[in-house]
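Here are some notes for a colleague who is opening this structure for the first time. They are set out as numbered points, to be read alongside the sequence and the model.

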Protein chains: 2
Amino acid sequence: MSATDGAPAARTVLQQCLRAQLQVSPAGDQTEAQFVQIDRGMVIYICFFKGASEQILQKMVSTLLNVRLCESSSGKLVSVSELPGSVLIVPQATLGGKVKGRSMQYHNNISKEDGLRLYTTFVSLCEKELTAASAGSGAEVTVKHGTYGNRQVLQLDTNGPYTHLMEF
Amino acid sequence: MSATDGAPAARTVLQQCLRAQLQVSPAGDQTEAQFVQIDRGMVIYICFFKGASEQILQKMVSTLLNVRLCESSSGKLVSVSELPGSVLIVPQATLGGKVKGRSMQYHNNISKEDGLRLYTTFVSLCEKELTAASAGSGAEVTVKHGTYGNRQVLQLDTNGPYTHLMEF
């Protein structure tokens, strides 16, 4: 939680996927668009609010990767680390919006510079924790992520997204 | 808002789509799985909490269909009614979850019977309002929805999901 008023410092939405593909670089005049892709695993949409700091990141990552949200092949709920599954991180500033009349306002969203810094560290921590968790399992799991500030062109294929909201 | 404690009565997550397909009936021994599909428009994931009543539904529908969340072809933000786009409604009980240790708890979720009743009315109101809003536009827009209580097998194709959270 942010120190000031108990309002959340970060908002995440989680969806389970069989496959997810995200554009990380749009097509240019001479270049094709570039994409990253994961197979079975979890998509994390993430938005930071004003007041968010590095201190919350480790707890966020531990929670997100270790809460039992994923259905294993036997039907039992396990964490994405236990599955083991891959993770696709999607920066999603729109998640910070608040309805005002017929518009969304984003007054509580973090600045672009601070958001990028937290996002970059968040991605690194996810990579580190998921790699450690899946070491020795022989499973090929991976962390992929979108480019902060870009349009997030996403394709998602699920066997049930089991959409969850988690705030920190 | 629910009358008792200011806690939300319903939680929705919204995503823009170019195309979305949802299973409404799983495959049986003799039958194939059945799906509904929309093209350009908005996916509404919805979950009701204990204390939710019919009274909130009209306001929810008006807000969801009239807030400017969709990018028009000119790049301007318009509502899904103005786009005009279609709507896919996905019942999503997992949205009501709260982290407790390494598990999600759903103590505040509405009962299945009450949830089904509210969901059914919500779908009807969306159909009515979107049909009225798009009348005369010549656009073929539609409201499709998942089967309450079923596994929601979803495929989503976006040009940017612009994920939003709205609570009522």
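Predicted model: local features only at pLDDT ≥ 70, side-chain atom pairs only at ≥ 80, totals over all residues.

**Notes on the two chains and their interface**

1. Which residue of chain A does Arg102(B) meet in a salt bridge? The partner is Glu82(A), and the closest N and O atoms of the two are 2.8 Å apart. This pair crosses between chains, running from Arg102(B), in the loop between strand 8 (98–100) and strand 9 of chain B, to Glu82(A), in the loop between strand 6 (77–78) and strand 7 (86–91) of chain A.

2. Turning to the extent of the interface, 39 residues of chain B are in contact with 39 residues of chain A. Together the two chains bury about 3,200 Å², of which 49% lies on carbon and sulfur atoms. Arg102(B), Arg151(B) and Leu165(B) supply 22% of the area that chain B buries against chain A, which is more than any other three residues supply.

3. Polar contact is also found across this interface, in 29 residue pairs with both members at pLDDT 80 or more. Several elements of chain B each supply at least two residues of the side that touches chain A, namely strand 1 (10–17), helix 1 (57–66), strand 9 (103–105), strand 11 (154–157) and strand 12 (164–167). By class, that side of chain B has 15 nonpolar, 16 polar and 8 charged residues.

4. Strand 11 deserves a separate look, since strand 11 (residues 154–157) of chain A and strand 11 of chain B pair in the antiparallel sense, over 3 bridges. Within this pairing, Leu156(A) stands opposite Leu156(B) in strand 11 of chain B.

5. How are the two copies related to each other? Chain B can be laid on chain A with an RMSD of 0.0 Å by a turn of 180° and a shift of 0.0 Å along the axis, which means that the relation is that of a two-fold axis. In chain B, the C-alpha nearest the axis belongs to Leu156(B), at 2.5 Å from it. The same surface serves both copies, as 100% of the contact residues of chain B recur in chain A.

6. Some points of backbone geometry may be worth checking by eye. The peptide bond from Leu83(A) to Pro84(A) is cis, with omega near -20°, and Pro84(A) has its place in the loop between strand 6 and strand 7 of chain A. In chain B, the peptide bond from Leu83(B) to Pro84(B) is likewise cis, with omega near -20°, and Pro84(B) lies in the loop between strand 6 (77–78) and strand 7 (86–91) of that chain.

7. Tyr162(A), in the loop between strand 11 and strand 12 (164–167) of chain A, has a phi near 45°, a positive value in a residue other than glycine. For context, most residues other than glycine have a negative phi, and most peptide bonds are trans.

Notes. Residues numbered from 1 in each chain as written. Chains lettered and ligands numbered in written order. Heavy atoms only, no water. Contact = heavy atoms within 4.5 Å. Buried area = accessible area lost by both parts, 1.4 Å probe. Polar contact = N/O pair within 3.5 Å; in protein donor to acceptor, adjacent residues only side chain to side chain. Helix = DSSP H or I, 4+ residues; strand = E, 2+ residues; numbered from the N terminus. Nonpolar A, V, L, I, M, F, W, Y, C, P; charged D, E, K, R; others polar. Pairing = 2+ DSSP bridges. Least-squares fit on C-alpha atoms with pLDDT ≥ 70 in both. Salt bridge = Lys/Arg side-chain N within 4 Å of Asp/Glu carboxyl O.
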